[in-house]
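Trainee: Could you take me through this model feature by feature, giving the general idea before each case?
Mentor: Gladly; please have the sequence and the structure open beside you.

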Amino acid sequence: VALGGAGAGWSAAAVALPAEHSDAPGAADDGATPYAASPGTSTVAFHGPHQAGIATPAQAHLSLLGLDLLPEVRAEGLGRLLTLISDDAARLARGLPALADTEPELATTPARLTATFGLGPRVMSDLLGSTVAVRALPAFRTDRLDLAWGQTDLAVQLCADDPMAVAHARRMILKDVSGFARVRWIQDGYRHAHGAVPDGTTMRNLMGQVDGTVNLAEAMPDFADLVWSDETGFEGGTFMVVRRIRARMESWDRVDRVGREAAVGRRLADGAPLTGTSEHEEPDFEAVDDLGFPVIDPASHIARARSADPRERFLRRAYNYTVPDPSRPSGEDSGLVFIAFAADVDRQFVPVQRRLAELDRLNEWVTTIGSAVYAVPPGAAEGEYVAERLLA
Ligand code: HEM
């Protein structure tokens, strides 16, 4: 499936139902518009060289499941679990019911449903004895980690443009998981509803910022090198970093527009750099104002997040979260489920995160409260389950 770049929306081909399933309820396959019958029937292929839900332009809704294997589950049990949930994901992504689906009608509107499976460090090393290393991130001085949002054995990232599709897939997958693993956490997230803004519009986070302007997209020539691993036996896989980042909205409320824009280095109205007039214009970090001060503060988020080394880049695929929290004056806890994909986390992600922990004006309002990393195996071929080759 030739998905368009993150900034480019997605092509009609990417969402046309596979020919063998064009009889799925409500489907039309004229290839003329990305949404032939309705956005609900659009699909993203589960099978392929890479797992879906990574290069896939981000859907509107996220449910990220952190699972711990039961103590008695060994590699063979893990294989059975991955067989079951790969089958669920493949069927549901096509708009077909899962095996023994108790609510098959809910499967008919996949809305670009993707399921992406990740394996934690303990599973990769102890259970599978894999040479593919997935290491815990180093400690960063700004982290305030809560183990409740910490590393788990497995992660299942479910994304779709319809929260019903996500909820149904989650329920089907959790039913199969129950004999093998327990849920430690679920991180739900959202972006604008599909159709609320034109396709390809960069998302906004809850702080009001345009977030995702400078990012990797599949159409970029170096995307494959930066995202897909070429490690033997793991080619086409990648690594996922999950950071739960709380935004202190109560104190953000006290900052005026000038201060808010200075903290990031971009304008709130359109995401343009403070030295430019449009979102995708290159920021000029050398520009100074009449008094000789830099227009983009060297401590701003974009100045600190940008690396001089083009290899220190990765794919960001974040979602907003909001959960009730009666203990806070605002009544809610909100922020970002920050998800990043990189071929080499230590080389690409860690230096950037380290720099931000040292200095970033945004740190006054944002705190990382959860952190985990996963090896994301290559995609499964038709008839195969995810990670089958790692378990062989
Ligand atoms: C850029 C917000 C956390 C890495 C940006 C931009 C915003 C933003 C508004 C500018 C628009 C864009 O290019 O996307 C936030 C918020 C965060 C957060 C609100 C926390 C709640 C992080 C973290 C990392 C990161 C944890 C990585 C460790 C980047 C990078 C860029 C960026 C690499 C692009 C910089 C460039 O222009 O080259 N972020 N960010 N951000 N952010 Fe963040």
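**Reading burial, cores, strands and a ligand shell**

Mentor: Met-172 counts as buried because it has 26 C-beta neighbours inside 10 Å. A residue is called buried if 20 or more other C-beta atoms lie within 10 Å of its own, exposed if 12 or fewer, and partly exposed in between, with the C-beta atoms placed from the backbone. This is a predicted model, in which local features need pLDDT of at least 70 and side-chain atom pairs count only at pLDDT 80 or more, while totals for chains, interfaces and linings use all residues. Residues are numbered from 1 along each chain as its sequence is written.

Trainee: Where is the place of Met-172, and with which residues is Met-172 in contact?
Mentor: Helices (H or I, at least four residues) and strands (E, at least two) are DSSP runs numbered from the N terminus, and Met-172 belongs to helix 4, residues 163-177. Two residues are in contact if their C-beta atoms, placed from the backbone, lie within 7 Å; leaving aside neighbours within four places in sequence, Met-172 is in contact with Asp-88, Leu-92, Ala-98 and Asp-101. The C-alpha atoms of Met-172 and Leu-99 are separated by 8.9 Å, although the two are 73 residues apart along the chain.

Trainee: How many residues has the largest nonpolar core?
Mentor: In soluble globular proteins, nonpolar side chains tend to be buried together. A nonpolar core is a set of buried Ala, Val, Leu, Ile, Met, Phe, Trp, Tyr and Cys residues joined through C-beta atoms within 7 Å. The largest one here has 79 residues, and Phe-239, Met-240, Ala-342 and Tyr-374 have the most contacts inside it. Helix 2 (residues 75-93) gives the most to this core, with nine residues. Apart from it lies another core of ten residues, among them Leu-274, Ile-296, Trp-365 and Val-366.

Trainee: Which residues does Tyr-374 touch, not counting residues up to four places away in sequence?
Mentor: With that exclusion, Tyr-374 touches Gly-118, Leu-119, Gly-120, Val-134, Ala-155, Phe-239 and Met-240.

Trainee: Which strand do six bridges join to strand 2?
Mentor: Two strands pair if DSSP finds at least two bridges between them. Six bridges join strand 2 to strand 3 (residues 154-160), and the two run antiparallel, with Gly-118 opposite Ala-155 in strand 3.

Trainee: How many of the residues of strand 9 are buried?
Mentor: Strand 9 (residues 366-376) is mostly covered, with nine of its eleven residues buried. Ten bridges join strand 5 to strand 9, and these strands also run antiparallel; Thr-238 stands opposite Val-376 in strand 9.

Trainee: Which residues come nearest to the ligand?
Mentor: A residue is near a molecule or strand if its C-beta atom, placed from the backbone, lies within 6 Å of it. There are 26 residues around the ligand, of which Gln-209, Thr-213, Val-214, Ala-305 and Arg-306 come nearest. Strand 5 (238-247), helix 8 (301-305), strand 8 (332-342) and helix 10 (350-358) each supply at least two residues of this shell.
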